[in-house]
Amino acid sequence: MAEKEQQQAFPLAPTNGYARSDAEAATADKEELRRQKRKKYLIYFAAFVVFQTLIIVLFSLTVMKVKTPKFRVRSSSSINTVDVQQTSFTLNMNAQFGIKNTNFGPYKYDSTTVSFLYNGIQVGSAVIPKSKANFLSTKKINVPVDLTSANLSGNTEILTLTSTARLSGKVELMLIFKKKKAVNMNCTMNANTSTQMLENVKCK
C-alpha cells in the first residue's frame, strides 16, 4: 500500500516530451535551411541581374554603337604617266581609295564622285561605284584617273592636289538595325612628277 501511495504522489513524467522537443528542433532546422536557400537564390538572382545589365551596357557601348566610316585616298596610289609643260600638265593616276568601317556590321554605300582639284580648280574626277565595306575591315577601290590642267604655276615637279567627295550609306547591325551615315573626304597630296609617286597624303 505504501508503494502505491508513493507512486500516486510522485507520478512518472511522460516519455513523449523529449520526442516533441526533438520534432520542434528538427522543424526549426528545416525552416532555417529553407531561409538560407531562399537567401542564396535571391543573391544569385541579384548577381544575374547585375551581370545581365553590365552585358547590355557593354553591348550598347561597343557592338551597337554606330561609328562614322572613314573615306580617303590611300598613299599606295601610283602615277602611271605624266606630261608637264611650262603652263600645263596631264597626269594619269591609278588612284586607290579606302573606306574603313570600324562597325560590327557592313556599311552599304551609294555611288559617289571624287573631285580632284589643283589650285582650287577641278582637274579630274573618279567615280566610286555602289558597294559595301564589310564589318571591321577596309574596302579598297582602285580607279584610273586622268588629271589635266592648263593653269600650271609654281613648282612643276611637285603638284599639290586636293580630293573632295561625300559618301552616303547605311550601317547594318544584326541584319535588323540600320543607321544612316555619311562621310566627307577632304585630302591633300603631292604628285611627284619626277618619281611618279603620290606623296604626303593627308586627310581630315
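A salt bridge is a side-chain nitrogen of Lys or Arg within 4 Å of a carboxyl oxygen of Asp or Glu. The model is predicted: local features need pLDDT of at least 70, side-chain atom pairs count only at pLDDT 80 or more, and totals for chains, interfaces and linings use all residues. Residues are numbered from 1 along each chain as its sequence is written, and side-chain values use heavy atoms, with hydrogens and water left out.

**Exercise 1.** Find which residues are linked to Glu 172 in a network of salt bridges.

Solution. 
1. Lys 178 and Glu 172 meet through their side chains, at 3.9 Å from N to O.
2. Glu 172 also forms a salt bridge with Lys 108, at 3.7 Å from N to O. Lys 108 lies in strand β4 and Glu 172 in strand β9, so this pair ties together parts 64 residues apart in sequence. Strands (E, at least two residues) and helices (H or I, at least four) are DSSP runs, numbered from the N terminus.
3. As to burial (buried is under 20% relative accessible area, exposed over 50%, partly exposed in between; 1.4 Å probe, protein chains only), Glu 172 is buried at 12%, Lys 108 is partly exposed at 41% and Lys 178 is exposed at 55%.

**Exercise 2.** Describe how strand β9 (residues 158-173) pairs with β4, β5 and β10.

Solution. 
1. Two strands pair if DSSP finds at least two bridges between them.
2. Strand β4 (residues 107-109) runs antiparallel to β9, with 3 bridges; Tyr 109 stands opposite Gly 169.
3. Strand β5 (residues 112-118) is also antiparallel to β9, with 4 bridges, and Phe 116 has Ser 163 as its bridge partner.
4. β10 pairs with β9 in the antiparallel sense over 16 bridges, with Lys 178 opposite Glu 172.
5. The β9 and β10 hairpin has 3 residues between the strands, and Met 174 there takes a positive phi near 55°.

**Exercise 3.** Determine whether Ser 115 is buried or exposed, and list its contacts.

Solution. 
1. Ser 115 belongs to strand β5.
2. Its relative accessibility is 16%, so Ser 115 counts as buried.
3. Contact means heavy atoms within 4.5 Å. Leaving aside neighbours within four places in sequence, Ser 115 contacts Gln 122, Gly 124, Ser 125, Thr 162, Ser 163 and Thr 164.
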